[in-house]
Each structure stands twice: as C-alpha cells, then as structure tokens.
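These are my notebook entries on one structure.

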Amino acid sequence: MASHRKSRPVGTRVAGIRTPALAMAALTSVALLSQSANAAPADDKPSLEEVEKKVDDLYRQAESATDNYNAAKEKTTKQRKQVDTLLEDVAQRTQKLNEAREELGSFAAAQYRTGAAAPGTATFLLADTPQDYFDQTQLMGRLTSRQKGAVDDYVTEQSATIKKRQEASQSLQTLTETQSDLKTAKATVQKKLADARELLSELTAQEKARLAAIERRKQQEAARKAAELAQQQAAAEKAEQGASQEATAPQQSTSTAPDSSYATRAAKALAFARAQIGKPYVWGATGPDSYDCSGLTQAAWKAAGVDLPRVTYDQVNAGTTVSLADAQPGDLVFFYDDISHVGLYIGNGMMIHAPKPGAYVREESIYYDGESGIHSVVRPA
C-alpha cells in the first residue's frame, strides 16, 4: 500500500529542530562572533607612550652595554700590550738559553778533545815536555771553572724562561676570555639597537608624528626645569658674591683661587665639546669624527689636560661629587641608576652630550629624561 504521508515543506520546524536554512544562519552568526573574539586582541597593541618608553629603555640598555663593550675593549688593549711584552721577553730569553746551550756544547767538545780525566802522571808521561803538561793542566782548570759557571747560568735562564712562558700563556688565555666578553658586549649592543629600530619601524606615519609631539612636550618641560635651576643658581651665586664682599682680602684669595683654576680648565673642556656639536653618536667611538657619551666627556677634558677613565661608571669616581644646585660649567652630569649616560654641564640647567644612536652631539637640558633620571654631578680635576 502506498504511503499517504505528505513530505514536509522546507524551512519548517519539527520537534524543536532547526531546518538547514536556520542552521546555516546560526552557523554564520557563530562564525561572526568567533571572528570578533579573535579580533579582540588587537586592543593589546601598545600605546605610543609604551612604545616610546620601550624604545628609550632599549637605547639605555644599549648604552649600558656600550660601556661594558668599552671597558672590555680597553682591557683587551692593555692585555694585548702585556702579552706582546711577555712574548718579546720570552723570545729574548730563549735566545740567551740557546747561546748558553751552545757554550755548554763547546765545553763538552773541548773536554772530548783534551780528555775528560784530570791531568796526572799518565798525562805527564804522554806530554812531550813539562811545559806541555803545565799547559794542559791550566786548560782543564779553566774549563772546569767556566763550565760550572755556564751550567749555573743555563739553569737560571732556563727557569726564568719557563716562568715567563707560563706568564705569557696565562696572559694569552685571559686575553682570549676578554675578547670573548668584547664580542658578547658588542652583540648585546647590536641586539638592543636592532630591537629599538624594529619597534620604530612598525609605527605608522601618524603615530610617528604623535610620538614627535610627545617628545616636544618633554623637551618643553625639560627647558622649563632648566630655567628654574638657572634662576636658583643665579640667586645662590649672587648671595655668595655678597658674602664674599664682606670677607677680608686674604679670605677672598684663599676661597676664589681654586675656582678660578677649575674654571680655566673647564672653559677649555667646554670649548672642545662645543666644537663637536653636530657630530654623530656612534657607540664605542672616542672621536674625532663621532663619539659616544663617555667618549665625548673624556675627549673634552683631555683637551683641558685632564685624563678621565673611559667608561661612565669609572668617570663618576674621577672627581668630587657636588650637589645639582652647586653644579658649575665643566662638571659631569651622570644619569640613571646604572650610571649609563653622562653629559658635560654648561650652566643654566643645560649640557652638551652625545645622546643616543641616530642622534648627534648637541646642547640639551639636563632634565631631558626627567628629574629622576639624574644620578649625580661630579667635578673632575
């Protein structure tokens, strides 16, 4: 018997089950929701302020690594000179050792030719005349005395040569380790700089413009704080001059002479630094065409006849620490807890420094990275 049931029309709902058309719509909705959920992490993109802070941190870390590189480079140079001196000494001692060995060989040959036994009756019987016997006896006596001295000299020289060879070997090993440290520091610097460049390259033109605006606001704030410091220092100087005028002449001479001497040297250092303005920052550079921060301050004070250490964390100990309010032109201003940056104070809250990769030697407020960034002020010489 044929079935009398009618087929269900498409699109109806039976017993709570969606038809294919409604199911497709539901799947589409789920897909859209899923896409929205996946798109949500786009909000995780860092803000411009966060990018700026990250870039600044990377540059600061690169500068700290640069100091490690500079220290390792300086150490490598010294060790290489030491190794060269030791190797030259070993070569000279080896030559002396060879000469002593040859002298011993000549004595052995002489003994072989004249006979190793001491002269006696047998020798006398073989001698043609008493004079021959006397001559042979004198020769053997001289050979014995000179040979003993030669042996002593040889042993002494051999011991000294062995010691120098050991020193040279140890110095070579130390040099190899320092060169490895140098490569590591160099790689660290390059990695930090590459990371900073990558972050900046990902910014759009609009974001770069906004970042530049943020930087301008920071510079304006830094300039304002520099002006405040200049006013404070001017007031303090005026008060000091008033007190000085009330003092006696001998007291004036005693108090102003050191300041005058320092000011003369500082003026030479500042004149040198100003002549470098516009030259590029290059990590590890000490001039004359480019500088890093400590390379600039070292070169500036060298022009004034003062030798500063190469790196910032040594320069910070190369003078007398003074308060920021008492800073004078020529003083060194150090930044950050790790003392990874330094500039040359020129007065009025300003300094000359080599800022960072991609920048040039320039005058800038000491508050360029905020007041908290200032570590200390040191007066060299």
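Which element gives the largest share of the lining of the second largest pocket? I found that the largest share, 6 residues, comes from α5. I note that this is a predicted model, in which local features need pLDDT of at least 70 and side-chain atom pairs count only at pLDDT 80 or more, while totals for chains, interfaces and linings use all residues. Residues are numbered from 1 along each chain as its sequence is written, and side-chain values use heavy atoms, with hydrogens and water left out.

**Entry 1: the pocket**

I recorded about 330 Å³ of space in the second largest pocket. A pocket is an open set of points on a 1 Å grid over the protein atoms alone, with protein on both sides within 12 Å along at least five of seven lines; lining residues have an atom within 4 Å of a point. Grid points are joined across faces, edges and corners, and a volume is the space filled by probe spheres set on the points. This pocket is lined by 17 residues, and Asp56, Leu200, Leu211, Glu215 and Lys356 are the closest to its centre. Two or more lining residues come from each of α2 and α5. Helices (H or I, at least four residues) and strands (E, at least two) are DSSP runs, numbered from the N terminus. By class I listed 8 nonpolar, 2 polar and 7 charged residues in this lining. Here Ala, Val, Leu, Ile, Met, Phe, Trp, Tyr, Cys and Pro count as nonpolar, Asp, Glu, Lys and Arg as charged, and the others, Gly among them, as polar.

**Entry 2: the cavity**

A cavity is a set of grid points where a 1.4 Å probe fits but cannot get out. Of its 13 lining residues, Asp56, Tyr336, Lys356, Tyr368 and Asp369 lie nearest the centre. The most lining residues, 4, come from α2. The lining holds 4 nonpolar, no polar and 9 charged residues.

**Entry 3: the cores**

The largest nonpolar core has 44 residues, and Leu193, Trp283, Trp301, Leu332, Phe334, Leu344 and Ile352 touch the most other members. Such a core is a set of buried Ala, Val, Leu, Ile, Met, Phe, Trp, Tyr and Cys residues joined through side-chain atoms within 4.5 Å. Buried means under 20% relative accessible area, exposed over 50%, and partly exposed in between (1.4 Å probe, protein chains only). With 9 residues, α2 gives the most to this core. A second, separate core of 15 residues includes Val333, Ile366, Ile374 and Val377.

**Entry 4: the salt bridges**

How many salt bridges does a search of the whole structure find? I noted 11, each a side-chain nitrogen of Lys or Arg within 4 Å of a carboxyl oxygen of Asp or Glu. Asp195 and Lys191 meet at 2.8 Å, N to O; they are 4 residues apart in helix α4, about one helical turn. Lys191 is partly exposed, at 48% relative accessible area. Asp331 pairs with Arg379, the closest N and O atoms being 3.0 Å apart. Asp331 lies in the loop between β1 and β2 and Arg379 in strand β6, so the pair ties together parts that are 48 residues apart in sequence. Asp331 is buried at 0%, and Arg379 is buried at 18%. I also recorded a network of salt bridges linking Lys53, Asp57, Arg60 and Asp369.
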